[in-house]
Amino acid sequence: MTQNDIRVAVVGAGMMGADHISRITDRISGAVVSAIVEPDAARAEAAAAHAPGAQTFASIEDAIEVGAADAVLIATPGQFHEPVIMPALDARLPILCEKPLTQEPESSRRVLDAEQKLDRPYIQVGFMRRFDREYDQLRDLVTSKDAGELVMLRCVHRNPNVPDAYHQDMLITDSVVHEFDVAPWLAGSDVKTVEVKFPRRNSLSPERLREPILVIIELENGVLVDVEMNVSIQFGYQVATEAVFEKGTARIGQPNGLQRWQDERVFQREHASFTTRFADAYDSEIQRWIDAVRRGDLIDGPNAWDGYKVALACEAGVKALREGGIVEIPHEERPAFYA
Ligand code: ISE
């Protein structure tokens with residue numbers, strides 16, 4: 001640790017929190033994990049083993065009270081985000097909040113209201129796909145108009161399996177949440193409507209889930225996005241997009257690396273989890289956030305308004321999933337505070 005290192009409190013030491021703790025300790029420059037906030041003592045202790053010198057706390061308030069951190073990284077489940085964001089905002093600490101910002105538009109609005117009382121945005125939302133090199137290249141292609149206007153995005157989002165706690169609505173709130181952020185970012189336009197279709201059910205899905213699903217998203221500029229959301233595909237983790245332009249197409253997220261031919265077969269490795277598929281994107285996201293905090297810009301990525309728009313899209317998505325039909329989201333202007 002150097003004197004100028006940003007002291008980060010990581011809140012939540014589950015899978016994502018532990019991943020970020022190792023990342024900050026081993027790969028990020030200019031930052032150190034100074035505090036681990038986790039009510040489960042055994043979990044906190046296990047996480048602290050990867051963060052030399054970090055103190056452990058049962059609540060964010062305790063960590064703030066003793067001035068244990070300069071910035072806060074929130075990696076708890078979504079329903080616990082607001083109670084951590086509010087005291088951190090009060091203490092004027094820059095925040096990187098894992099997706100979602102909060103789980104419903106009402107709580108996201110409360111966060112926006114609290115943040116807009118400050119001088120500028122303090123909250124960055126952890127939509128890591130925006131930091132993936134190929135997504136970035138695709139966005140450049142869209143804005144360059146080299147292939148003409150973008151007309152469609154065809155997305156696949158496939159998980160080999162999901163934990164027991166994953167329930168039906170999470171197809172939208174935990175998984176398609178990423179497309180609700182990244183598709184508008186790629187296409188430069190907000191979500192207008194959401195519809196969910198059910199193909200034949202995968203008999204290998206856990207009994208509580210009816211999936212895969214096909215989510216059809218219309219953006220305000222007319223671009224149509226379809227997402228195959230699949231959480232029992234068994235073979236591996238795959239997130240890919242084909243963009244259809246007026247004069248051509250482009251694909252990202254194709255398998256890469258060594259190809260092997262043997263015994264009349266062709267092999268190529270596929271990811272098993274988002275932690276490896278997006279490892280470089282997470283590294284870049286956290287490094288850029290730390291650099292922004294050190295510069296005094298505080299954030300460098302999706303802000304709380306983006307998080308709020310995604311919460312609106314998720315609410316529409318859950319309604320479409322439960323009740324069917326095409327669910328519309330009323331247009332709202334982005335406040336100048338979040339320009
Ligand atoms: C998980 O929570 C994530 O955020 C992953 O990126 C996503 O692919 C997965 O479906 C979610 O469960």
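A: The account below begins with the sheet and then turns to the aromatic rings and the domains.

This is a predicted model, in which local features need pLDDT of at least 70 and side-chain atom pairs count only at pLDDT 80 or more, while totals for chains, interfaces and linings use all residues. Residues are numbered from 1 along each chain as its sequence is written, and side-chain values use heavy atoms, with hydrogens and water left out.

Helices (H or I, at least four residues) and strands (E, at least two) are DSSP runs, numbered from the N terminus; two strands pair if DSSP finds at least two bridges between them. In general, strands of a sheet pair through backbone hydrogen bonds, either parallel or antiparallel.

Strands β8 (residues 191-197) and β9 (residues 213-219) are antiparallel and share six bridges. Within this pairing, Val 194 has Ile 217 of β9 as its bridge partner.

The structure holds four aromatic pairs. Rings of Phe, Tyr and Trp (its six-membered ring) pair if their centres lie within 6.5 Å; planes under 30 degrees apart count as stacked, over 60 as edge-to-face and the rest as tilted. The ring centres of Trp 305 and Tyr 308 are 5.1 Å apart and the planes stand at 55°, so this pair is tilted. Trp 305 is buried, with a relative accessible area of 5%, and Tyr 308 is buried as well, at 1%. Buried means under 20% relative accessible area, exposed over 50%, and partly exposed in between (1.4 Å probe, protein chains only).

Phe 337 and Tyr 338 form an edge-to-face pair, because their ring centres are 4.9 Å apart and their planes are at 80°. Phe 337 is partly exposed, with a relative accessible area of 23%, whereas Tyr 338 is buried, with a value of 1%. Trp 305, Tyr 308, Phe 337 and Tyr 338 form one aromatic cluster.

Charged side chains also meet aromatic rings. The charged end of Arg 210 sits over the ring of Phe 198, 3.9 Å from its centre, and Arg 277 lies over the face of Phe 278, at 4.3 Å from the ring centre. A charge sits over a ring if NZ of Lys or CZ of Arg is within 6 Å of the ring centre and within 35 degrees of the ring normal.

The protein is divided into domain 1 (6-129 + 280-304) and domain 2 (130-277 + 312-331), with bounds that come from an automatic or database domain assignment. Their centres, taken over C-alpha atoms, are separated by 26 Å. The contact between them takes 19 residues from domain 1 and 16 residues from domain 2.

How values were computed. Contact means heavy atoms within 4.5 Å.
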